[in-house]
Amino acid sequence: QVQLVESGGGLVQAGGSLRLSCTASGRASNAYAKAWFRRAPGKEREFVAAISTSGLNTDYADFVKGRFTISRDNHQNTHDLQMHKLEPSDTAVYYCAADPRYPIETPAWWGQGTQVTVSS
């Protein structure tokens, strides 16, 4: 079992930046692929970014390429999402996730989510 806890959400103006962090705990939690998803108001949850166990491979949704960067620290057992040039359409609850496999399709474990609100 893996437990995931997000931090770093908040309110930011359009064009600003935020950094989300996810701390994992539990058995072998630093050995899994990690990801971020989000759910905007009235929409389905969608994939944002993923990173392989080694950190050498990453994948991004088209709508965040060039603006968001996913990273991980296996010693600290964390993975982060650095977000730049935020737009009101980025407003959503952001969830971190983990799975034994990469690429991640349906994560085995989820965090509780952290709210990101981008004002225009």
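D90 and R67 form a salt bridge, with their closest N and O atoms 2.7 Å apart; a salt bridge is a side-chain nitrogen of Lys or Arg within 4 Å of a carboxyl oxygen of Asp or Glu. The pair links distant parts of the chain, 23 residues apart: D90 is in the loop between β8 and β9 (92-99), and R67 in the loop between β6 (58-60) and β7 (68-73). Strands are DSSP runs of E of at least two residues, numbered from the N terminus.

This is a predicted model, in which local features need pLDDT of at least 70 and side-chain atom pairs count only at pLDDT 80 or more, while totals for chains, interfaces and linings use all residues. Residues are numbered from 1 along each chain as its sequence is written, and side-chain values use heavy atoms, with hydrogens and water left out.

**Salt bridges**

- D90 is buried, with a relative accessible area of 1%, and R67 is buried as well, at 9%; buried means under 20% relative accessible area, exposed over 50%, and partly exposed in between (1.4 Å probe, protein chains only).
- R67 and D90 belong to a network of salt bridges that also links R38 and E46.
- The count of salt bridges comes to 6.
- One of them joins R19 to D80, with the closest N and O atoms 3.1 Å apart.
- That pair links distant parts of the chain, with R19 in strand β3 (residues 18-26) and D80 in strand β8 (residues 78-83), 61 residues apart.
- R19 is partly exposed, with a relative accessible area of 43%, whereas D80 is buried at 13%.
- K65 and D62 meet in another salt bridge, at 3.2 Å from N to O, and D62 is exposed, with a relative accessible area of 64%.
- As a general point, side chains of opposite charge can pair when their charged atoms come close.

- Strand β11 (residues 114-119) has a covered face made of T114, V116 and V118, and an uncovered face made of Q115, T117 and S119.
- In a regular strand the side chains alternate between the two faces of the sheet.
- Strand β2 (residues 10-13) runs parallel to β11 and is joined to it by 4 bridges; two strands pair if DSSP finds at least two bridges between them.
- Q13 has S119 in β11 as its bridge partner.
- β9 pairs with β11 in the antiparallel sense over 3 bridges, and V93 stands opposite Q115 in β11.

**Nonpolar cores**

- The largest nonpolar core has 28 residues, and those with the most contacts inside it are L4, W36, V48, F68, L81, M83 and Y94.
- The elements giving two or more residues to this core are β1 (2-7), β3, β5 (46-51), β7, β8, β9 and β11.
- A nonpolar core is a set of buried Ala, Val, Leu, Ile, Met, Phe, Trp, Tyr and Cys residues joined through side-chain atoms within 4.5 Å.
- Leaving aside neighbours within four places in sequence, M83 is in contact (heavy atoms within 4.5 Å) with residues including R67, F68, Y94 and V116.

**Disulfide**

- The structure holds 1 disulfide, a pair of cysteine sulfur atoms within 2.5 Å.
- It joins C22 to C96, with an S to S distance of 2.1 Å.
- C22 lies in strand β3 and C96 in strand β9, so the pair ties together parts 74 residues apart in sequence.
- The link of C22 and C96 is right-handed, with 50° about the S-S bond.
- C22 is buried at 0% relative accessible area, and C96 also counts as buried at 0%.
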